[in-house]
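Open the model in your viewer and show it as a cartoon.

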Amino acid sequence: MLPEQIKPAMQGLVPSTLVSCSLEGEPNTTEISQVWYVDEHHVALSHQFFNKTHRNIRANPFVFVIIRDPE
């Protein structure tokens, strides 16, 4: 569940860091321009055509995202 105080950091002013992992356990880290709050268990990611990240998320939808509050 996302606390209310985190949601302002999801406005896309500062890039977020996304870490995904292949089914074989190989991590992949990339910067992503925007992460949107969907509901208490989901976020939406901007699709920036990062092939490895996209493959990883389709195979293993559990990712780690660092969002930064511009304040």
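Three strands make up an open sheet, ordered 2-1-5, with antiparallel pairing. Colour its edges next: strand 2 (27–32) and strand 5 (64–66) each pair on one side only. From one strand to the next, the twist averages 20 degrees. Keep in mind that this is a predicted model.

Now select strand 1, residues 16–21. Strand 1 is joined to strand 5 by 3 bridges, in the antiparallel sense.

Select helix 1, residues 51–59. Helix 1 lies across strand 1 and strand 2. Look along strand 1: helix 1 runs at about 60 degrees to it.

**Stop three: the hairpin**

Move to strand 3 (residues 35–39) and strand 4 (residues 42–45). These two run antiparallel and are joined by 4 bridges. Together they form a hairpin, with 2 residues between the strands. Pick Val-35 in the viewer, then find Leu-45 of strand 4 opposite.

**Stop four: the second largest pocket**

Select Ser-46, His-47, Thr-53, His-54 and Ile-57. Of the 11 residues that line the second largest pocket, these lie nearest its centre. The space in this pocket is about 160 Å³. Which element gives the largest share of the lining? Go back to helix 1, which supplies 3 residues. Finish by colouring the lining by class: 6 residues are nonpolar, 5 are polar and none is charged.

Key
Residues are numbered from 1 along each chain as its sequence is written. This is a predicted model: local features need pLDDT of at least 70, side-chain atom pairs count only at pLDDT 80 or more; totals for chains, interfaces and linings use all residues. Side-chain values use heavy atoms; hydrogens and water are left out. Two strands pair if DSSP finds at least two bridges between them. On a 1 Å grid over the protein atoms alone, a cavity is a set of points where a 1.4 Å probe fits but cannot get out, and a pocket is an open set with protein on both sides within 12 Å along at least five of seven lines; lining residues have an atom within 4 Å of a point. Grid points are joined across faces, edges and corners, and a volume is the space filled by probe spheres set on the points. Ala, Val, Leu, Ile, Met, Phe, Trp, Tyr, Cys and Pro count as nonpolar, Asp, Glu, Lys and Arg as charged, and the others, Gly among them, as polar. Axes are lines fitted to C-alpha atoms, for helices over the stretch in contact, and angles run from 0 to 180 degrees between N-to-C directions. Contact means heavy atoms within 4.5 Å.
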